[in-house]
Amino acid sequence: MNKKFKLSHVPVQIFFILWSFMQLYPLYFMIINSLKTNAEYVVDTMALPTQPTFDNFIYAWKGASGDLANSYEALTISGNMATAFRNSLIVTVVGLVVLCAIATMTGYAQARLNFRGRSKFYTIIVWMLAIPGQALLIPIFRICAELKLTNNLIVLAVLYATFALPGAAITMKANMESIPKELEEAAALDGCTKWTTFWRIVLPISRSSIATVAILNMNYMWSELMFANILLTKNEMRTLSSALVSLTASQFNYSPAGLMAGVTITSVPILILYAFCQRWIMGSVTEGAVKS
Amino acid sequence: MKKTGKKGKRKTSLHKARRNEELMGYAFQLPLIILLCIFMIYPLFRTIYWSFTDFRGLGSANWVGLKNYISLFDDLRFTNAFKNTVVYSLGTTVLSCGLGLLLAAPIYRKIRGWNIYRFVFYITPMLSGTVVALLMGRLFNQDVGAINVTLRNLGLDSLALNWLTDLDIVMYTVILVSAWFGAGGAMLVYLSNMSAISNDVQEAATLDGVSEWQRFWHITFPIIKRPFLVVLMSNFIANFRSYEMINVLTGGGPGTKTQVLSILMTLTAFNTNQYGLACTYAVVIVVVIAILTAFYIKVSGIATKRV
């Protein structure tokens with residue numbers, strides 16, 4: 001509208017520039033310190049690295065081997081972020097696939113199919129929003145321990161999907177209701193059954209809503225901590241958040257610069273995704289906000 | 001004869017289609033119901049059951065009736081954690097929603113560089129609580145943290161506080177960090193609601209020579225009042241169950257100064273094996289969240305809204 005310069009905008013601009021700095025500084029801090037040695041980190045965390053080194057990333061990613069395994073630097077970074085990265089990826093992908101599949105089916109049933117008890121089911125789904133995950137932590141841990149299901153990434157993924165399901169199903173229902181009915185009616189006239197209509201017409205149209213659900217829950221699955229920490233006890237099964245926290249757990253085993261490398265490894269995929277799909281992600285968050 | 005036969009056949013096929021639709025409805029609902037039953041409803045009942053027992057992880061759970069619940073009243077750890085949870089969630093919610101509004105209003109009015117600002121302000125919410133807490137823990141470090149180093153370099157030594165170790169300050173630090181983390185998300189929700197305001201209204205206001213502040217107060221704010229309440233509530237609910245941020249930033253310390261209910265619950269269960277008592281804490285969390293969510297559902301109208 002009016003992009004003219006206005007004096008009244010100056011305080012706002014100053015506030016915004018300050019706030020931007022506060023948003024960006026932690027990222028800058030993370031990256032410069034991940035390129036330092038621990039000795040350098042301890043002297044000054046704010047200075048640029050004198051000799052940038054990728055060793056922290058290498059140790060954090062692979063763990064140390066050979067001569068390195070005996071050096072001070074390597075001993076302090078025994079994390080294995082490569083495994084954690086893989087584990088987080090498995091959990092996120094499996095969790096999102098389960099979540100999107102079931103949320104889509106539920107959304108379609110709620111929006112378009114007539115069956116007895118439909119609105120009762122919906123009431124149940126909405127009320128599931130009221131149950132916080134942590135209230136279920138203890139029994140779920142016990143059940144998993146009894147059934148030898150701890151350290152199982154698929155169980156964790158399905159668990160995340162379940163916790164996210166009520167919200168996702170509500171979003172999907174709202175989206176499916178906004179698809180024009182005429183399309184399906186036309187398909188029905190052409191002799192399509194409800195099933196083929198769902199498969200051939202509704203699913204392709206709903207791609208963007210499915211993406212919305214995936215985007216809204218991706219971060220949660222990538223970095224959930226509480227359940228991951230309790231259900232994954234073996235080092236080689238940890239996901240990123242729980243691996244990061246375990247890096248800080250031991251006094252002797254703690255390398256600040258190595259930790260910054262781990263934090264960078266965890267955040268960079270998300271940041272890259274954000275940078276490239278900014279519009280899409282913001283659209284999804286907005287849509288999720290309006291709909292629910 | 002022929003006609004009625006055809007009609008009858010049609011009726012049965014319609015009937016069949018109706019029945020198929022019904023079956024498909026149940027089939028499509030089934031996976032969700034199964035997952036909810038296994039991972040939410042059944043564990044919830046087990047939590048409630050254990051909260052009435054003295055279960056300690058091994059052996060059998062003995063029914064103790066309301067003993068755990070009655071003990072809450074003079075359980076200092078519980079009252080402390082409950083108070084901390086309320087203070088933390090109130091402080092964080094008010095601050096982050098307020099900041100979110102401050103950020104959203106100028107961006108909505110398309111201040112110079114608004115699209116860059118919008119991108120930058122949503123970077124932090126993209127990161128996870130764990131990552132943010134790990135980073136902020138380093139920045140707020142009392143000795144080598146960037147914040148205190150900068151303050152000392154500026155000669156403001158008296159402001160270089162022991163952010164994460166001083167008993168009187170640590171809760172403010174945690175609230176500050178959480179609010180900073182949550183502001184971007186609130187901003188985005190406000191923006192999406194503001195963009196629903198029609199341009200005509202805004203332009204009419206411009207023609208009438210309404211000041212920027214009056215415009216916000218009399219036009220924009222009334223429209224986002226309800227969304228504002230919704231954001232406030234969903235934020236409060238999320239903060240009330242918050243775990244990652246505080247657990248990684250302070251671990252509930254120093255002492256139990258920032259110990260919130262979810263941290264107390266996990267410690268009670270997994271460090272001291274008092275599963276029964278821990279489940280009682282869990283039930284308290286459920287009850288509070290359920291009441292809040294009931295309000296939230298009412299205000300936001302999710303249950304009844306037809307798009």
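**Entry 1: chain A, elements.** I began with the elements of chain A and found 15 helices and zero strands. I note here that this is a predicted model.

**Entry 2: confidence.** I looked up the pLDDT next. Chain A has a mean of 84. In that chain, 87% of the residues reach 70 or more. Then I went through the elements of chain A. Helix α5 (residues 81–112) of chain A has the highest mean pLDDT, at 93. The lowest mean, 49, belongs to helix α4 (residues 72–76) of chain A. I will read helix α4 of chain A with that value in mind.

**Entry 3: burial and surface.** I checked how much of chain A is buried. Chain A has 292 residues, and 54% of them are buried. I also looked up the accessible surface of chain A, which is about 13,300 Å². Carbon and sulfur atoms hold 67% of that surface.

**Entry 4: contacts along the chain.** I took the contacts in chain A between residues at least 6 apart in sequence. Of these, 67% join residues at least 24 apart.

**Entry 5: one serine in chain B.** I turned to B:Ser178. I found B:Ser178 in helix α8 (residues 170–194) of chain B. Is B:Ser178 buried or exposed? Its relative accessible area is 6%, and the cut-off for buried is under 20%, so B:Ser178 is buried.

I then followed its side chain. The side chain of B:Ser178 reaches the backbone oxygen of B:Val174 at 2.9 Å. Last, I set aside the neighbours within four places in sequence. B:Ser178 is then in contact with B:Tyr88, B:Thr92 and B:Met245.

Conventions:
Residues are numbered from 1 along each chain as its sequence is written. Chains are lettered from A and ligands numbered from 1 in the order in which they are written. This is a predicted model: local features need pLDDT of at least 70, side-chain atom pairs count only at pLDDT 80 or more; totals for chains, interfaces and linings use all residues. Side-chain values use heavy atoms; hydrogens and water are left out. pLDDT is the predictor's confidence in each residue, from 0 to 100. Helices (H or I, at least four residues) and strands (E, at least two) are DSSP runs, numbered from the N terminus. Buried means under 20% relative accessible area, exposed over 50%, partly exposed in between (1.4 Å probe, protein chains only). Contact means heavy atoms within 4.5 Å. Accessible areas come from the Shrake-Rupley method with a 1.4 Å probe; for residues, only the protein chains shown count as cover. A polar contact is a pair of N or O atoms within 3.5 Å; within protein, one must be able to donate a hydrogen and the other to accept it, and residues adjacent in sequence count only if both atoms are side-chain atoms.
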